[in-house]
Amino acid sequence: MSGIRHDIMAPMELYSTLETLLTNSDPREKIALFGDFYAAYNRGEITRDMSASPVVFEHPSYRDFCTVIDPKEVPRRTKLNTSHGQTLLLHAIAHIEYSAIDLALDAVYRFRECGEVFERDWLVVAEDEVRHFEMIEGLLKELGSYYGEYPVHDALFEASMRTLDLLERMAVVPRYLEANGLDATPQILTKLHPYRHEAMIAKIIAALYVILDEEIDHVRKGDRWFEYACAHSGKETSSYFEIIEKHYPNSFPRKININCAARKMAGFGKDELNRISFTKC
């Protein structure tokens, strides 16, 4: 694999390398390629060719090794005190984290006008998502499973390809989808709590706390760049609700308790939170 990696990565041109990463259909090779690329990026050993336009991808990078089905048909994650239930939970989380690698890389690939601070923000996020994926995949392997064993949905990929301008992307991906994860993770932790003394459950809980803590920073980055996009497009930050209603009608107020503390840390204001949630923060 090392020969393939060096042949592909030799030019270290930023956008062509990102396109290679975004279309790579082998998880192990993709992660190795990212490691080489990110090390070169941090050494300043990349160039930028702005002459080509970003591609709108027709299908996600995982299509060749995952069976993609409708989100409503994805196996339900119940009986978390069983190996099968734990495997289904971990597989669902692995898919979210793997998809999130591409979401972060695509932001850098697509929004080229935003400059090097934007690049670094989302490459840091991509590195986090790689680590999260490997952590969850390691637990899957302990249970005798692997990423790709069960069907997945492509809702995150579709969301990214529907939001091809910076304002909508920052609203939808970090400030809506990832922020919803800040709400969902505590719900999962609550369900796992009765079994916390079991070895595998304890490992899953520890992994989820790492992900939850670091996802706050990801949403915060999205909040900062959403404000940037609003300023550059002459929009009010309240346009967030119009954007989400456009893509996900009737999303607010949320029907589950929101993670007020995490959302505040991630940049959501009190008035926003009161519009998002049935309960007051």
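**Entry 1: contacts**

I began with contacts, counted as heavy atoms within 4.5 Å. Among those in the chain with a separation of 6 or more, 77% are between residues 24 or more positions apart.

I noted that this is a predicted model, where local features need pLDDT of at least 70, side-chain atom pairs count only at pLDDT 80 or more, and totals for chains, interfaces and linings use all residues. I number residues from 1 along each chain as its sequence is written, and side-chain values use heavy atoms, with hydrogens and water left out.

**Entry 2: fold and dimensions**

I looked up the secondary structure and found eleven helices and zero strands in the chain. Helices are DSSP runs of H or I of at least four residues, strands are E runs of at least two, and both are numbered from the N terminus. The radius of gyration is 19 Å, close to the 19 Å from the globule rule for 281 residues, so the chain is as compact as a globular protein of that length. I took the radius over C-alpha atoms, and the rule is 2.2 Å times the number of residues to the power 0.38. The C-alpha trace spans about 55 × 50 × 35 Å along its principal axes.

I then checked burial, where buried means under 20% relative accessible area, exposed over 50%, and partly exposed in between (1.4 Å probe, protein chains only). By that cut-off, 52% of the 281 residues are buried.

Leaving aside neighbours within four places in sequence, Leu18 is in contact with Phe37, Leu105, Val108, Tyr109 and Leu123.

**Entry 3: α6 and α7**

In helix α6 (residues 155–162) I found Leu156, Phe157, Ala159, Ser160 and Met161 buried. The buried residues of α6 pack against α4 (83–110) and α7.

I also looked up Glu168, which lies in helix α7 (residues 166–192). Is Glu168 buried or exposed? Glu168 is buried, at a relative accessible area of 11%. Beyond its neighbours within four places in sequence, Glu168 is in contact with Arg162, Thr163, Ile243, Lys246 and His247.
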